[in-house]
Amino acid sequence: MQEQSEHSLAPGRAARVELTVTDADTALGVGSGDVAVLGTPRVVALAEAATVAATAGALPPDGTTVGTRVELDHLAPTPVGRTVVAQARLTDVDGRRLGFEVTVTDDAGQSVARGRVERVLVDRRRFAARATGAQAGAGTP
């Protein structure tokens with residue numbers, strides 16, 4: 001993979017993504033609980049989607065990022081029909097490791113979640129080949 005310039009993945013890059021909560025997004029719908037409010041796995045996925053969006057246009061053609069760590073506090077329930085916005089800001093670049101601060105708020109301005117996400121820059125083809133090899137039992141974790 002080509003070396004990435006520091007300018008293209010500099011701290012400060014940011015993005016936001018929105019989700020209007022449906023039954024499929026609830027804890028009941030994703031199997032993480034038995035209540036019809038936004039499920040924590042969907043909050044995590046939304047936060048990760050914001051981190052991916054924050055790197056859009058800054059990666060080499062053969063590069064992508066993969067999530068390696070999530071620290072998230074899910075602070076408030078969100079019912080079906082509400083819209084939530086996840087915002088991610090790149091705060092740390094350490095070689096291939098990228099650290100993000102993430103926040104999730106609802107359309108009433110209430111804080112739904114906050115935390116940190118770590119991603120690592122990888123070569124897409126080599127990563128996919130490694131995963132395929134691991135599935136066949138030929139790779140190492």
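## Contacts and overall fold

The structure is a predicted model, in which local features need pLDDT of at least 70, side-chain atom pairs count only at pLDDT 80 or more, and totals for chains, interfaces and linings use all residues. Residues are numbered from 1 along each chain as its sequence is written, and side-chain values use heavy atoms, with hydrogens and water left out.

The chain contains 3 helices and 5 strands, where helices (H or I, at least four residues) and strands (E, at least two) are DSSP runs numbered from the N terminus. Their order from the N terminus is β-α-α-β-β-β-β-α.

## Strand pairing

Two strands pair if DSSP finds at least two bridges between them. Strands β3 (residues 83–94) and β4 (residues 97–106) run antiparallel and are joined by 10 bridges. Asp92 stands opposite Gly99 in β4. The hairpin of β3 and β4 has 2 residues between the strands, and Gly95 there takes a positive phi near 65°.

Strand β4 is also joined to β5 (residues 111–123), by 9 bridges in an antiparallel arrangement. Val104 has Ala113 in β5 as its bridge partner. In the hairpin of β4 and β5, 4 residues lie between the strands, and Gly109 adopts a positive phi near 85°.
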